[in-house]
Amino acid sequence: MDVEEAARKIETMEIRGAAKIAREATRSLKDFVSAYEGSDLEKFRKELKKVRDRLLSTRPTAVSLKNALEMVLKDVDRVDNLNELKESLIIKAEKFIDKSEKAIDTIAEIGSKRIKERNVILTHCNSTAAVSTIIRAHKEGKNIQVYATESRPKKQGYITARQLAEKGVPTTLIVDSAVRHVMPRVDLVVVGADTVASNGAVINKIGTSQIALCAHEARVPVMVCAETYKFSHETLAGELVEIEERDINEIVKPGDFPNVRIFNPVFDATPPEYIDVIVTEEGVISPYAAYEIIKAMDL
Ligand code: RI2
């Protein structure tokens with residue numbers, strides 16, 4: 001897929017999910033490098049910058065995208081031979097894609113150990129890491145049940161419900177506003193993350209923080225499944241995570257609401273005190289250990 005096509009698909013959310021957008025953006029960058037036929041190193045570097053900027057302009061919240069591109073592009077100014085640079089970029093891109101796929105399996109293996117026999121789980125939106133963890137627990141023979149929220153406005157919960165049902169996991173789809181009502185029946189909340197900040201706050205699909213609040217009230221643990229490349233080193237330097245706002249047409253037909261302002265933020269931040277653990281491919285950590293993960297990141 002060329003860069004423009006990948007960027008458009010990420011923008012329109014045809015390609016979505018923090019891990020997937022990072023992988024597909026990386027793949028398109030790799031294809032660009034492989035197909036590049038020019039011989040001017042400086043021109044190539046400029047083109048790479050354009051590619052990076054275009055891909056980064058698609059979705060602002062998920063740091064996975066930025067981290068993936070940074071990991072792949074880190075030698076751009078260090079390697080002075082065009083062919084060597086191309087080769088190094090391709091190797092780095094392949095390495096990222098491979099590592100990010102393996103990370104999901106490792107998270108599922110680790111995270112599923114925290115899911116017990118007969119647990120009732122609640123999940124939100126559609127996270128590959130969270131869904132893989134739940135499916136793994138089911139495959140291990142645990143009799144679990146899942147409540148999947150619809151996840152307005154884009155209803156990614158439908159994908160989750162179908163993915164779980166397909167694997168034979170007893171699944172109940174609920175509207176987002178039913179979360180507090182069902183929470184007393186829930187043993188564990190399992191969600192993914194788009195970004196983890198240095199203070200341990202988890203930025204995930206809008207509604208996650210409300211779910212975590214309800215879970216806290218009901219003393220239900222919240223487990224976040226997140227690969228380490230979703231941790232944001234910018235937040236360590238004081239940056240705030242930008243919360244993406246999407247087109248209001250995703251919620252309603254604005255013409256139906258004259259004189260009404262419509263607001264469509266698509267992520268929110270859950271403070272660390274509402275999160276029990278974050279399961280990464282490096283192991284289970286407290287949200288307060290986010291700093292250590294960020295410090296150890298190879299960017
Ligand atoms: P994985 C998604 O964002 C959801 O917020 C989900 O929880 C998160 O990415 C992580 O997903 P969106 O692209 O990387 O649906 O675990 O806005 O698949």
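These legends describe close-up views of one predicted model.

Residue numbers start from 1 along each chain as its sequence is written, and side-chain values use heavy atoms, with hydrogens and water left out. Because the model is predicted, local features need pLDDT of at least 70 and side-chain atom pairs count only at pLDDT 80 or more, while totals for chains, interfaces and linings use all residues.

**View 1. Helix 2 against helix 5.** Helix 2 covers residues 18-35 and helix 5 covers residues 82-112. Helices (H or I, at least four residues) and strands (E, at least two) are DSSP runs, numbered from the N terminus. The axes of helix 2 and helix 5 come within 9 Å and cross at roughly 160 degrees. Axes are lines fitted to C-alpha atoms, for helices over the stretch in contact, and the angles run from 0 to 180 degrees between N-to-C directions. Helix 2 and helix 5 are therefore roughly antiparallel. Angles under 35 degrees count as roughly parallel, over 145 as roughly antiparallel, 65 to 115 as roughly perpendicular and the rest as oblique. The crossing of helix 2 and helix 5 is left-handed. That term applies if the near helix is turned anticlockwise from the far one by less than a right angle; clockwise makes a crossing right-handed. Residues of helix 2 in this contact include Ala 22, Thr 26 and Val 33, and those of helix 5 include Leu 89, Ala 93 and Ile 97. Contact means heavy atoms within 4.5 Å. By class, helix 2 and helix 5 bring eight nonpolar, three polar and six charged residues to the contact. Ala, Val, Leu, Ile, Met, Phe, Trp, Tyr, Cys and Pro count as nonpolar, Asp, Glu, Lys and Arg as charged, and the others, Gly among them, as polar.

**View 2. Helix 3 against helix 5.** Helix 3 spans residues 41-56. The axes of helix 3 and helix 5 come within 10 Å and cross at roughly 25 degrees. Helix 3 and helix 5 are therefore roughly parallel. Their crossing is left-handed. Leu 41, Phe 44 and Leu 48 of helix 3 meet Leu 82, Leu 85, Lys 86 and Leu 89 of helix 5. These residues divide into six nonpolar, no polar and one charged.

**View 3. Helix 5 against helix 6.** Helix 6 runs over residues 128-139. The axes of helix 5 and helix 6 come within 8 Å and cross at roughly 50 degrees. The two helices are therefore oblique to each other. Helix 5 and helix 6 make a right-handed crossing. Among the contact residues are Ile 104, Ala 108 and Gly 111 of helix 5, with Ala 129, Ser 132 and Arg 136 of helix 6. The contact of helix 5 with helix 6 has five nonpolar, five polar and two charged residues.

**View 4. Aromatic rings.** The whole structure holds three aromatic pairs. Rings of Phe, Tyr and Trp (its six-membered ring) pair if their centres lie within 6.5 Å; planes under 30 degrees apart count as stacked, over 60 as edge-to-face and the rest as tilted. Tyr 36 and Phe 44 have ring centres 4.6 Å apart and planes at 40 degrees, so the pair is tilted. Both Tyr 36 and Phe 44 are buried. Buried means under 20% relative accessible area, exposed over 50%, and partly exposed in between (1.4 Å probe, protein chains only). Phe 96 and Tyr 229 make an edge-to-face pair, 4.9 Å centre to centre with 80 degrees between the planes. Phe 96 lies in helix 5 and Tyr 229 in the loop between strand 7 (222-225) and helix 10 (233-236), so the pair ties together parts that are 133 residues apart in sequence. Phe 96 and Tyr 229 are buried. Phe 32, Tyr 36 and Phe 44 form one aromatic cluster.

**View 5. Thr 123 in strand 1.** Strand 1 covers residues 120-123 and holds Thr 123. Thr 123 counts as buried, at 2% relative accessibility. Leaving aside neighbours within four places in sequence, the contacts of Thr 123 include Ala 130, Val 146, Thr 160 and Val 191.

**View 6. Backbone details.** Most residues other than glycine have a negative phi, and most peptide bonds are trans. The bond from Arg 152 to Pro 153 is cis, with omega near 0 degrees. Arg 219 has a positive phi, near 60 degrees. Arg 219 is exposed, with a relative accessible area of 79%.
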